[in-house]
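Hi,

Here is the structure I said I would pass on. Have a look at it below, and then read on for my notes.

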Number of protein chains: 2
Amino acid sequence: MVSLKLKAKLMDVVANMPVVILNAGDAVELGVYAGDRVLVQFDGHGIVASIDTTKKLVNRGELGIYREAQIHGVKNNATVSVSPTSRPKSIEYILKKMRGIELKKNEIWEIIGDVNNDRLSDGELGAFLTAVYIHGYTDFEVAEITRAMVDKGNSIDWGNTVVCDKHSIGGVPGNRTTPIVVSILAAAGLTVPKTSSRAITSPAGTADTIEVFCNVSLGIPEIKKIVKKTGACLVWGGALELAPVDDKFIHIEHALSIDPEGQVLASVMSKKKAVGSKYVLIDIPIGDEAKVDRMKAAEELAKKFKSLGKRLDMVVECAITDGSQPIGNGIGPVLEAIDIVDVFKGRGPKDLREKSLELAGMLLKMTKKGNKETAKKILDSGKAFEKFARITEAQGGSADKDFRNMLGKYRQNIICPRSGTILRIANEEIAKVSRTAGAPNDKGAGVYLHSKKGDIVKAGDVLFTIYAEKEYKLHDATEAAKKLKPIHIGDKDEMIEEVI
Amino acid sequence: MVSLKLKAKLMDVVANMPVVILNAGDAVELGVYAGDRVLVQFDGHGIVASIDTTKKLVNRGELGIYREAQIHGVKNNATVSVSPTSRPKSIEYILKKMRGIELKKNEIWEIIGDVNNDRLSDGELGAFLTAVYIHGYTDFEVAEITRAMVDKGNSIDWGNTVVCDKHSIGGVPGNRTTPIVVSILAAAGLTVPKTSSRAITSPAGTADTIEVFCNVSLGIPEIKKIVKKTGACLVWGGALELAPVDDKFIHIEHALSIDPEGQVLASVMSKKKAVGSKYVLIDIPIGDEAKVDRMKAAEELAKKFKSLGKRLDMVVECAITDGSQPIGNGIGPVLEAIDIVDVFKGRGPKDLREKSLELAGMLLKMTKKGNKETAKKILDSGKAFEKFARITEAQGGSADKDFRNMLGKYRQNIICPRSGTILRIANEEIAKVSRTAGAPNDKGAGVYLHSKKGDIVKAGDVLFTIYAEKEYKLHDATEAAKKLKPIHIGDKDEMIEEVI
């Protein structure tokens, strides 16, 4: 195999993948072209990088190295060795999956290993995920994928502690039960190292909302300290390198707008496994507006989660919940924070309270610490809020802020055009209006629903209020609301819904 | 939509895709991250590029533009506008194909348009090709894909002339009938604007071999002139931008080692259509060693080629030929050139002569200009060689060179270890030995077969000779030959083959 010794020239460029830049003359000598991959070696370590070529930016004998390709310890003018890479073996296994054949354990680990080491191109990842989307995973495959993904990232071990966790498969705006459930469980003596995501396409992820109260970007040592102190944490999982391979899959899945079911199972469970959870409750909202639209599909998904849990030596239960409209009244980080605190204080949206108690009750049952009644007592006694206050303080914030003052200054009421009953609130359209208003990046932006499904409304009532931090975003969101008409009003008994 | 006006800073970097480099501060302002795509606009033209970010290499207010993203006419310090791109609509259609649903005309054209404008990422292309690999194309789809691919590239119109062409689906080393067939047809008065490819994984493409005689990298105006003068040309198709979208597909297909059948059909026929061919003969070699291993599969493929031809208003016939061993004796550009000239001069490998006459005869029949007998007369009269000499001269070369002197100096005979009959010559292994020896980049490298299947050999006979231009390549190729054992010898009537 040809290889060249080149002088490293570290470059301050981020490309979202490992890239090196070769002088065109050296590329010819190596027999490689722009877009090909090479193995770069330094001090016993190697990385596979994609190459760009140049005639001027980098001289012959030099290798420009972008950020992601800079091997630990490499300095300017260090000698690195560059050689064409052989074709990764996992491409054969991807081809096997494309043909619909079940992969063996070593084949799955090879693929995950290559993804982890950036040895597969985006085209190859796209092909793999498409094959998984079309053919699905077998139970065996999804368990191995999960194990392999956990293996490539950080893990936390809590010893013999009873560690529990919840997860919602998402798709329902305002569904912010997590801080309430976690606080109840921690108050009941359970350990809940909760990691959450930020929004990608929704108006707020749990991490975005918790950030209204406190810092969520914490490292693993800090998480351990906080959980030891308070029994729980509420942090962003994105930077913890728990199953980091999953993030590479998600990047491509997101671009393609696909979430192959098996990959979703592996994604959720790998993160729970890595964080050391033993008892896991999965919230599966169903409804025309949710990700899962029928009971049968929800039950099948629940079965798969439980079966995967068993293979991973975890106890998994699923709650199939109402996903036909948003939960709570506020949608957007600050608006959701207000709903959460209201529930802690015994006020606030009933649906958010009820759902939180239901989920907490199930986890108490699974861990033999009680039931929904226990959860209710803990919430109503103020112990849950006290726990929440301690967690947010430990994370450098507070449960008690002047949230109303943090709301966007620019506001627009959307008025009901006729009397009738609210027949439908479209989750996706409400989410779009909230995002157009600026959520989740503008924390005070979003939508507040004054009425929910089944409520009787009169012409002239305020249906919802849009909050924005910037005037032009309020304008755009108002236009979006007029166009998308997210709330449908009709007569209670009518079959054909009328669109406002 | 947010957009920034930035100062162009043209960069001498080739990345095999359009890339621009933004200062990290400007990236935050645009709300984009490394790896995202942006629309770059200048003087009424736009290009979608992937972004890298930097803190130093490019200042705020500047935009580093790699070669592939440099819009025609843009100069250093020109003002360009950059904005985040909306999601291409074709992603929805890719998803539809993933679900196995037939695409509509406008959906296919949208996908091909987006591929052409580099609006789809490699991940998205990988997903599309995987979906096509798994679900296949319908007849309707493959015809529309072909039409759309032709539409995005250059085309040549020859008016009312009878234009014909041949194509081999490949996989058989030494199968260099093209120059012979083209010369016969042109000598018979037909117009044959032949474009060929270079080798990707084989020891020589037709273009690599023709390059031994003359220049093959010609532009469309030159091709027109040469064809007008001689009736034919023998050029490399790679730089002509005939169906350039196909090259983007092939790049990903090659990385994945897949060639979805429908995509192969569209690829071949789009190039024939673009170059203005009306009568097309497809050579489909079959055999254990070829791309198609059974008669039934070959017949099905032939049916698809013919049906696609009909939809494209072309006359297509297929020749199902013997692909069980290499054609001719030489494998590698110069060695093949020697075989070709020998056939023109009435000597040379019989199988190469017979196959060339067969194919030329079929095309003469299709165009009502004669048959195999006509082809034989033209070849044996020396008219075909005369034509070939005129074509190669018009392309700046000659049909008469001291080819033997162009062969690699380093040579190794591979000796027959036992007496018996040659039962099998493994195409893929012979190709590997030839490539290891340096073909096709080292024109004089390759393998010369002294015997073919069915020949009786004695211990000590030379089975084949390896030629190389570099000593270490001869060494590596000899090692490869010993390891791969490409020729199998046994007793004529034995069932179990013995490996030498």
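What follows is a run through what turned up, from the whole chain down to single residues.

One thing to keep in mind throughout is that this is a predicted model.

**Overall build**

Chain A contains 17 helices and 19 strands. Its radius of gyration comes out at 25 Å, close to the 23 Å that the globule rule gives for 500 residues, so chain A is as compact as a globular protein of that length. Along the principal axes, its C-alpha atoms fill a box of roughly 75 × 55 × 45 Å. Of the 500 residues in chain A, 54% count as buried. If you take the contacts in chain A with a separation of 6 or more, 78% of them are between residues 24 or more positions apart.

**How the two chains go together**

Chain A superposes on chain B by a rotation of 179° with 0.1 Å of shift along the axis, and the RMSD is 0.2 Å. The two copies are thus related as by a two-fold rotation axis. Which C-alpha of chain A is nearest that axis? It belongs to Gly123(A), and the distance is 2.0 Å.

As for the interface, 35 residues of chain A are in contact with 35 residues of chain B. On the chain A side, the elements that give two or more residues are strands E2 (13-14) and E5 (45-54), plus helices H2 (90-98), H4 (122-135) and H9 (244-256). H4(A) supplies the largest share of that side, with eleven residues. The copies meet through the same surface, because 100% of the interface residues of chain A are also interface residues in chain B.

I also looked at helix H4 in chain B, residues 122-135. H4(B) has 14 residues and reaches 20 Å from its first C-alpha to its last, close to the 20 Å expected at 1.5 Å a residue. Is H4(B) mostly covered or mostly uncovered? Mostly covered, with 13 of its 14 residues buried.

Setting aside neighbours within four places in sequence, Leu185(A) is in contact with Cys164(A), Leu190(A), Val192(A), Ala360(A) and Leu363(A). As background, nonpolar side chains tend to be buried together in soluble globular proteins.

**Sheets**

Chain A has an open sheet of four strands in the order E13-E16-E18-E14, with antiparallel pairing. E13 and E14 (410-415) of chain A stand at the edges, each with a single partner strand, so one side of each is left without a neighbour in the sheet. E14(A) is joined to E18(A) (residues 462-468) by six bridges, and the two run antiparallel. Within that pair, Arg411(A) stands opposite Tyr467(A).

Chain B also has an open, antiparallel sheet with the order E13-E16-E18-E14. There, E13(B) (330-331) and E14(B) (410-415) are the edge strands. E13(B) pairs with E16(B) (residues 446-449) over two bridges, in the antiparallel sense, and Gly330(B) has Tyr448(B) as its bridge partner in E16(B).

E15(A) pairs with E17(A) (residues 456-457) in the antiparallel sense over two bridges, with Thr421(A) partnered by Ile456(A). Four bridges join E15(A) to E19(A) (residues 487-490), again antiparallel, and here Arg424(A) has His488(A) as its bridge partner.

**One loop residue**

Last stop is Pro326(A), in the loop between strands E12 (315-322) and E13 (330-331) of chain A. Is Pro326(A) buried or exposed? The cut-off for buried is 20 or more other C-beta atoms within 10 Å; Pro326(A) has 28, so it is buried. Leaving out residues up to four places away in sequence, Pro326(A) touches Val172(A), Pro173(A), Gly174(A), Ile331(A), Ile425(A), Asn427(A), Ile430(A) and Leu449(A). The C-alpha atoms of Pro326(A) and Ala426(A) are separated by 8.3 Å, although these residues are 100 apart along the chain.

Cheers

Conventions. Residues numbered from 1 in each chain as written. Chains lettered and ligands numbered in written order. Predicted model: local features only at pLDDT ≥ 70, side-chain atom pairs only at ≥ 80, totals over all residues. Least-squares fit on C-alpha atoms with pLDDT ≥ 70 in both. Contact = placed C-beta atoms within 7 Å. Pairing = 2+ DSSP bridges. Expected span 1.5 Å × (residues − 1). Buried ≥ 20, exposed ≤ 12 C-beta atoms within 10 Å, placed from the backbone. Rg over C-alpha atoms; globule rule 2.2 N^0.38 Å.
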